[in-house]
Amino acid sequence: MTRNEQPIAVARVAAGTEEDEPNPYLMGVFEAVQDELTLDDLEVIGEIPADLNGVFLRNGPNRRFPAEGRYHMFDGDGMIHAMHFENGKARYRNRYVRTAAFHEESKAGKALWTGVMENPANNPFGNTHGLGIKDSANTDVLFHRGKVLATWYLCGSPYAIDPLSLETLGAENFLGTLDGDMMAHNKVDEETGELLWFDYGPDGPPYMRYGVVGPEGTVTHVTGVDIPGPRLPHDMAITPNYSILMDLPLIQDQEARAAGKYRIFFERSLPARFGVIPRHGNGDAIRWFTADPCYIYHVVNSWEEGEEIVLDVCRVKNPQHQATYTSKLAQMLAYLRLNAHIYRYRFNLRTGQTTEGPLDDDNIEFPSVDSRVMGRPHRYSYDMHLATEQTLLFDGLVRFDSQTGQKQEHFFGPGRYGSESPFAARDGSTGETDGYLVSFINDERENRAECAIFDAADVSAGPVGRVLLPRRVPPGFHATWVRADQLREGGSL
Ligand SMILES: [Fe+2]
């Protein structure tokens, strides 16, 4: 029995809050799964394509111990669910990310941290920004130099994980060269082997740092990026020569923070600003482009086109709802409901002008593109359609053609909700649709999940294969696909 296969103490999650309102993020499909499994010989409906070789990984919250106060989806302990495909066979594995906080709570046998919605003043430790918030590494997952990195949206330590065993290898400090934290949504340029990242926090100017991990695995460049105050940037974009950082008018209220309260507000009088910085440039070389106020969680892709930078995103026009809430819980739930549309910016490097506008009006988010075209022009994105439920759930998969605006759609059916669905290039793949999409789909009525495989050339046809799992994979955040050739290069095979 390996360390990761030992039983771990997991308390029953209480489905309640300080106000005794049932919290939907602790119930139903969202209820945490309690153990760590390795499963072979799973039932398959349809077939697993023999040319689908690699591993699909998805990160997300999975709370171990009930904590005081309100539970937010961002609070749960990071857990990776993975499906390894090899020669027409599939193996499922799930493991917690063994963060420093995970180990502390294991020793204590109980929750030591409050959630992000509560006063962190008495929490034992947090990230290096002095926020006593538990770094749960539950948000994003990416592959770089043979390792998977699990990251945390409020910035923390990236945790290195073996892509096949899912063993946590430890906090990744890049051979001792990372000073500080990293956000979720780092970007990997597969052509150069570089990893681009930023870090942000309320400590004071410059409020944001931008950096590069070189192909040798050390931080080779870090620079401060001046923004006017603490913001909540979520994602970034890259092109071969530039990185694009965001200063969006969603602001954490510092007076409330000083009083131990968490409050964010959307400042409609401020523009959205996009900073275009040379990949290896210093903060004073950044050029800011202004645009209509909005919030953006996720970037679709970005590239250079003549004298312009093109940036496609899922844009949230109105991140702060105007409704009157019956409770703090209702307010929190309203924030987690996304209403986003694919939208394109063009930043003209010669004139400094921004042009912007929607590409589509469907409510879609959690976009993916073929990782081989990251930072270069793409045609297709693979996106999740947002359900109209109270919680953050995806009821369909959409292939969006950014050249024609045409869509191929597949809806999962009543009570069935998918995960972010990365593009998985088939062996010998020659293009953006020459491969598959993989998604963990929960079936609410059957109280179990499956991993569905779609042909990226014909998404509307529905899955070509469904690997049935005996239990749920609670909905989470981000996913990635690691090709077999990347695993071989990284020494995992
Ligand atoms: Fe995200």
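I count a polar contact as a pair of N or O atoms within 3.5 Å; within protein, one must be able to donate a hydrogen and the other to accept it. I keep in mind that this is a predicted model.

**Entry 1: Tyr295**

I apply that cut-off to Tyr295 at once. Its side chain reaches the backbone oxygen of Leu232 at 2.4 Å. Tyr295 sits in strand β20, which covers residues 295–305. Is Tyr295 buried or exposed? I find a relative accessibility of 3%, so Tyr295 counts as buried. I list its contacts beyond four places in sequence: Leu232, Pro233, His234, Leu248, Leu250, Phe266, Cys314, Arg315, Val316 and Pro319. I also check Ala272, 23 residues away along the chain; the two C-alpha atoms are 7.7 Å apart.

**Entry 2: the iron ion**

Which residues are the protein donors of the iron ion? I note His185, His234, His298 and His478, each through NE2, at 2.1 to 2.2 Å. Their spacing in sequence reads H-x48-H-x63-H-x179-H. I place two of them. His185 is in the loop between β9 (168–171) and β10 (187–189), and His478 is in the loop between β32 (465–468) and β33 (479–483), so this pair ties together parts 293 residues apart in sequence. Both His185 and His478 are buried.

Next I look at the geometry. Why is the arrangement irregular? The angles subtended by the 4 donor atoms run from 89 to 172 degrees.

**Entry 3: Arg344**

I turn to strand β22, residues 340–348, which holds Arg344. Arg344 is buried, at a relative accessible area of 16%. What does its side chain pair with? I find a polar contact with the side chain of Asp312 at 2.7 Å. Asp312 is also on the list of residues that Arg344 touches beyond four places in sequence. Others on that list include Trp303, Thr355, Glu356 and Ser402.

**Entry 4: Val369**

Last I look up a loop residue. Val369 lies between β24 (364–368) and β25 (380–386). Its relative accessible area is 11%, so I log Val369 as buried. Where does the chain come back to Val369? I check Phe423, 54 residues away along the chain, and the C-alpha atoms are 6.5 Å apart. Phe423 is among the contacts of Val369 too, along with Val300, Asn301, His378, Tyr380 and Ser381.

Definitions and conventions. Residues numbered from 1 in each chain as written. Predicted model: local features only at pLDDT ≥ 70, side-chain atom pairs only at ≥ 80, totals over all residues. Heavy atoms only, no water. Donors = N, O, S within 2.8 Å, 3.2 Å for Na, K, Ca; no water. Tetrahedral: all angles 85-135°; square planar, octahedral: opposite > 155°, others 65-115°. Helix = DSSP H or I, 4+ residues; strand = E, 2+ residues; numbered from the N terminus. Buried < 20%, exposed > 50% of the residue type's maximum accessible area, 1.4 Å probe, protein only. Contact = heavy atoms within 4.5 Å.
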